[in-house]
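Dear colleague,

Please find below the structure I promised to hand over. My findings follow it, arranged by topic.

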Amino acid sequence: NQRLNADLESRSRALHALRTTLAEIQEDSQDGTPDNGGDDLETTSKLLSQLIESRHKKERELDYQKFALDQHAIVSITDAAGNILYANDRFCRITGYSREELLGQNHRLINSGHQPREFFTNLWDTINRGEVWRGHICNRAKDGSEYWVDATIVPFRDKCGTISRHIAIRTDITATKQLEQQLREQLALTEALFEALPIPVYIKGTDGRYRRFNRAFESFFGISRSDWLGRNVFEVLPEEDARMHDARDREIMASGGVQEF
């Protein structure tokens, strides 16, 4: 009888421990799985096994999603002060820092100084309000090289409603920024050449209105480009000349090619 009573007490303690664990898992996972009122060890064990399997399934799905995200994006997680808690492999590769060198460091470690202080003041004001921030940031890698990212920073609140984490997801846009810079340089060169040409040059739109003049055109015809820009030939030339130029414009707009007259 003593052994039976001891076994019964042991069984009751095991059942109580299992049901406590079951309740905690249900509360944490918010799974909503009913306990079916099971008061025996077998039923409780089955429910516990189902909940654990459900949790493992969700964890596997999250792992798959994280793996897919890591293949494409540069991901980091920071605390409320901006100290790095997590950095994925792509973050380590683009910065040149190892994960050990990054964890615990503030994001100021990779600040390039390219953006003014007001830029980051706006960034922090946005995420501290609990809003998502999006924008382009220029960072500096360990070797001193600069790189650009298109960033989305998402703040997360704890159970008390206080922002405790930031998740930053970025894509590398360095090549795009370099192309933009090259294009700006080419446009600046084209502009300089356009203005430096010694012969008068104008540009018209398909609507027949003047879009551009160079300095030689202004000087040769004694006009101010601001007086002619956006206007058509009927507004700036004598009527007979305007009709001739309008006919020529319509002809070349319709057929293309080169006109000499």
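Which residues of α10 are buried? Please bear in mind throughout that this is a predicted model. The buried residues of α10 are Ala242, Asp246 and Asp249. They lie on the same side of α10, because the arc they cover around the axis is only 65°. Glu240 and Ser255, on the other side of α10, are exposed. The cover over the buried residues of α10 includes β6 (202–204) and α9 (233–236).

The length of α10 can also be checked. After α10 comes Gly256, which has a positive phi, near 75°.

Ala242 deserves a separate note. This residue belongs to helix α10 (residues 239–255) and has a relative accessible area of 0%; since buried means under 20%, Ala242 counts as buried. Apart from neighbours within four places in sequence, Ala242 is in contact with Val233, Phe234 and Leu237. The C-alpha atoms of Ala242 and Asn232 are separated by 8.6 Å, the two residues being ten apart along the chain.

I turn next to charged pairs. Side chains of opposite charge can pair when their charged atoms come close. A search of the whole structure finds 14 salt bridges, and several are described here.

Arg209 forms a salt bridge with Glu235, with the closest N and O atoms 3.1 Å apart. Arg209 is in the loop between β6 and β7 (210–213) whereas Glu235 is in helix α9, so the pair ties together parts that are 26 residues apart in sequence. Arg209 is partly exposed, at 30% relative accessible area, and Glu235 is partly exposed as well, at 40%.

A salt bridge also joins the side chains of Arg211 and Asp207 (3.7 Å, N to O). Arg211 counts as partly exposed at 47% relative accessibility, and Asp207 is partly exposed with a relative accessible area of 47%.

Within helix α6 (residues 174–196), Lys177 and Glu180 lie three residues apart, about one turn of the helix. Their side chains meet in a salt bridge at 3.8 Å, N to O. Glu180 counts as partly exposed, with 34% relative accessibility.

Finally, a network of salt bridges links Glu195, Arg215, Glu218 and Arg225.

With kind regards

Terms used:
Residues numbered from 1 in each chain as written. Predicted model: local features only at pLDDT ≥ 70, side-chain atom pairs only at ≥ 80, totals over all residues. Heavy atoms only, no water. Helix = DSSP H or I, 4+ residues; strand = E, 2+ residues; numbered from the N terminus. Buried < 20%, exposed > 50% of the residue type's maximum accessible area, 1.4 Å probe, protein only. Contact = heavy atoms within 4.5 Å. Arc of directions from axis to C-beta. Salt bridge = Lys/Arg side-chain N within 4 Å of Asp/Glu carboxyl O.
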